[in-house]
Amino acid sequence: MSERIEAVRGTKDVLPADVYKWRYVERVAADTAACYGFEEVRFPTFEKTELFKRGVGDSTDVVQKEMYTFQTKGETSVTLRPEGTASVARLCIQNGLFAGLMPLKLFYSISCFRYEKPQAGRYREFHQFGVEMYGSPEPHADCETICLADRILRRMGLNDIELKINSIGCPSCRAEYNAALKSYFDSHVSELCGTCTERLQRNPMRILDCKCPSCAAVASKAPKITDYLCQECREHFGHTCDTLADLNIKYTVDPFIVRGLDYYTRTVFEFIDPRSGLTILAGGRYDGLVSQLEPKLKVPGLGFAMGLERLIMIMSDRGLSFGEHKTYDVYLAGLGERGSRLAFNLAERLRERGLGACTDLMGRSLKAQMKYADKTGALYTMVLGDSEVDSGSAELRDMRDGTVRRVDLSKVEQWF
Ligand code: HAM
């Protein structure tokens, strides 16, 4: 016998009992972003591989190890998007959006693909809600973006998520910092893990992010970026921190937040769940990304992305609300030939009015139909047999409190 085909490792099905949670978090996030003037964009699931190499950075783990890349029949190398920022920048360049009004504020809700080791809160196909803002180099733009992230999490009912921020400077101050870091780690190379020994050559800042205990111990005494920021980057970070404090947004400055993607400059931030230690949402400023993709353009940008699997898992663990899980309004149980016909007809009349209605499609007994209505979460039930057909009226039972009302079957519009 042939083997049963199962979903690919690191991917996840979402069943009807959970889909309403997804709809809820996506709706709350989109509505909150709209309050800040963001508009939705949609873009392809795959892009030319070169976009991510140039945008996300050739030396990052994402590009080096985690991309799902394949050749198309036309021999073009394409990649399933590992994130959304590079695609949105490409979309804006290609569609001339940078010629329009600034700031430009966009949001998206997408699937992403990374070949990572699956574990709790980490998948190979996962989903992000993200925002990108272009055009403003001002610290107020950093603060507004962080405020939006904070407000989304609060609207979900998450009030204790920790915000960590840092500034990783601009290419000029970072060059000096990287040299200092490299010489520090060079003198501790025997204490670093294999991956970090490689990172030492390519991107020493990534060592600061390593979870391996011996690397973390070495990293804890490494030079700090905040001591190497140039005057302008220091002022930018200072203004950002002061404005956050003015707005009563709690944060800690963590010089170990360096982010795994190459495009970041200046402000970077992560929102971390203190209970699981998972990063729910992360982002930062990327003033060089657009010119990296289109040298004629110089447009500052910043944004964040929130992991939806992680968000939903953390909210579920805390018993937070996902709004009402509504299934359908009325179950019409048919009894006998005439009753069943009427039930079938009334169901269509209700649907025409935009109400949810179900009726028997399995030839079940009345008792079994009522059991089905109960299990599937019908808000109301109605039994239709010969006497209801003859009288033209029937009882509409509210399943939540058991109350019953007699209604005219010819006046569906008066039922609710
Ligand atoms: P990122 O930190 O790579 O940033 O991902 C953002 C969020 O996506 C993470 O904090 C996490 O919640 C979720 N995430 C990442 N990888 C996985 C995974 N394998 N499984 C489940 N969830 C995951 C970015 O992607 C940037 N594009 C964010 C950004 C937008 N920066 C500026 N604009």
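User: Which atom of the ligand lies 2.9 Å from a polar side-chain atom of Glu132?

Analyst: The atom facing the polar side-chain atom of Glu132 at 2.9 Å is a nitrogen of the ligand, a polar contact in the sense of a pair of N or O atoms within 3.5 Å. This is a predicted model, in which local features need pLDDT of at least 70 and side-chain atom pairs count only at pLDDT 80 or more, while totals for chains, interfaces and linings use all residues. Residues are numbered from 1 along each chain as its sequence is written, and side-chain values use heavy atoms, with hydrogens and water left out.

Glu83 also places a polar side-chain atom 2.6 Å from a nitrogen atom of the ligand, whereas Arg114 has a polar side-chain atom 2.9 Å from an oxygen atom of the ligand.

Around the ligand stand 27 residues, of which Glu83, Thr85, Glu116, Arg259 and Tyr264 come nearest; a residue is included if one of its heavy atoms lies within 4 Å. By class, this shell has 12 nonpolar, 8 polar and 7 charged residues, with Asp, Glu, Lys and Arg counted as charged, Ala, Val, Leu, Ile, Met, Phe, Trp, Tyr, Cys and Pro as nonpolar, and the others, Gly among them, as polar. Its largest share, 6 residues, comes from β10, strands being DSSP runs of E with at least two residues, numbered from the N terminus.

Methods: Polar contact = N/O pair within 3.5 Å; in protein donor to acceptor, adjacent residues only side chain to side chain. Helix = DSSP H or I, 4+ residues; strand = E, 2+ residues; numbered from the N terminus.
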